[in-house]
Amino acid sequence: MSAPRTGAPVLDRLRVGSAPDSWGVWFPEDAQQVHWRRFLDEVAEAGYEWIELGPHGYLPTEPDVLREETARRGLRVSAGTVFTSLHHGPAVWDATWAHVAQVAALARAMDATHLVVIPSFWRDDKTARELEPRELTAEQWRHQATGMERLARQVREEYGLDIVVHPHADTHIDTEENVTRLLDATDRDLVRLCLDTGHYAYCGGDSVKLIRTYGERIGYLHLKQVDPRILEDVHANGTPFGPAVRQGVMCEPPRGVPELPPVLHAAQELGVDLFAIVEQDMYPCPPDQPFPIADRTRRFLRSCGA
């Protein structure tokens with residue numbers, strides 16, 4: 001176990017964890033993904049205490065089973081993840097809520113406190129085919145904002161969870177402009193962010209600036225880095241997110257950007273407890289690749305004080 005560097009501050013407000021994504025898991029079932037038992041074994045062995053549920057159905061969905069499997073490995077669940085298309089307005093609410101309720105019920109049963117909300121992609125992450133326009137209309141922005149507030153309110157009332165919206169590459173909530181537009185249009189007590197440092201850098205954002213400007217709206221962190229050389233090629237060629245990941249655009253810390261120590265220190269200075277969940281997108285990947293990276297990453301974060 002690595003100790004913090006001499007003189008490094010202790011980042012005691014950050015609860016470090018990892019997620020199935022760091023093991024190359026993007027889907028409930030996929031022959032290219034490791035079995036969920038291997039993920040749980042290895043994430044615990046790497047020294048993480050907290051995990052996310054990942055795609056619904058990857059981990060066991062029976063609370064008693066999952067509770068037993070996590071507890072005997074010393075693991076706890078921080079959040080579930082849902083996908084939404086709320087910019088389409090009230091017509092999609094029923095389908096959205098059916099999906100959200102399923103994930104929220106399991107997250108609540110596992111004593112999680114958050115639900116990570118990822119907006120839908122505007123282009124196919126494999127073929128680059130545009131599924132809808134890249135920019136939202138003014139009406140769609142209104143639907144997005146009111147839908148997020150409604151979702152936050154209902155998730156809190158029915159499941160006791162807080163939603164955190166995840167800016168994501170190839171979605172309508174991506175750049176600094178679009179992230180701040182959502183924040184400015186929504187209730188600060190309902191809608192907070194899951195700041196993914198890798199995705200935000202991928203889309204040109206500055207995580208430290210966002211934390212210092214909108215600190216009260218940061219409710220959760222995903223720790224991730226991008227390789228600036230590969231990112232330059234991705235942007236130059238208009239590569240969609242899926243193929244960009246296969247190129248290795250998301251890289252192992254501390255080899256990419258943003259530098260994580262300034263992000264961690266800015267988050268610590270907020271003076272609130274925050275989950276800081278490591279996510280390194282790398283679907284698909286060889287089954288023996290994730291654990292050594294996860295182990296080194298945990299050691300690196302300890303050396304930073306986290």
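Which residues of H10 are buried?

Mentor: Keep in mind that this is a predicted model. The buried residues in H10 are Leu260, Pro261, Val263, Leu264, Ala266, Ala267 and Gln268. The helix runs over residues 260-268, and with 7 of its 9 residues buried, H10 is mostly covered.

An α-helix has 3.6 residues a turn, so residues three or four places apart point the same way. Keep that spacing in mind when you look along the helix in the viewer.

Now the setting. The C-alpha trace spans about 50 × 45 × 40 Å along its principal axes. A compact globule of 306 residues would have a radius of gyration near 19 Å, and the chain agrees with this because its value is 18 Å. Among contacts between residues at least 6 apart in sequence, 82% join residues at least 24 apart.

For an example of helices in contact, turn to H3 (residues 93-109) and H4 (residues 138-159), whose axes come within 11 Å and cross at roughly 40 degrees. The two helices are therefore oblique to each other, and H3 passes H4 in a right-handed crossing. On the H3 side the contact includes Trp93, Trp97 and Val100, and on the H4 side it includes Gly147, Arg150 and Leu151. Sorted by class, this contact of H3 with H4 has 9 nonpolar, 2 polar and 3 charged residues.

How values were computed
Residues are numbered from 1 along each chain as its sequence is written. This is a predicted model: local features need pLDDT of at least 70, side-chain atom pairs count only at pLDDT 80 or more; totals for chains, interfaces and linings use all residues. Side-chain values use heavy atoms; hydrogens and water are left out. Buried means under 20% relative accessible area, exposed over 50%, partly exposed in between (1.4 Å probe, protein chains only). Helices (H or I, at least four residues) and strands (E, at least two) are DSSP runs, numbered from the N terminus. Axes are lines fitted to C-alpha atoms, for helices over the stretch in contact, and angles run from 0 to 180 degrees between N-to-C directions. Angles under 35 degrees count as roughly parallel, over 145 as roughly antiparallel, 65 to 115 as roughly perpendicular and the rest as oblique. A crossing is left-handed if the near helix is turned anticlockwise from the far one by less than a right angle, and right-handed if clockwise. Contact means heavy atoms within 4.5 Å. Ala, Val, Leu, Ile, Met, Phe, Trp, Tyr, Cys and Pro count as nonpolar, Asp, Glu, Lys and Arg as charged, and the others, Gly among them, as polar. The radius of gyration is taken over C-alpha atoms; the globule rule is 2.2 Å times the number of residues to the power 0.38.
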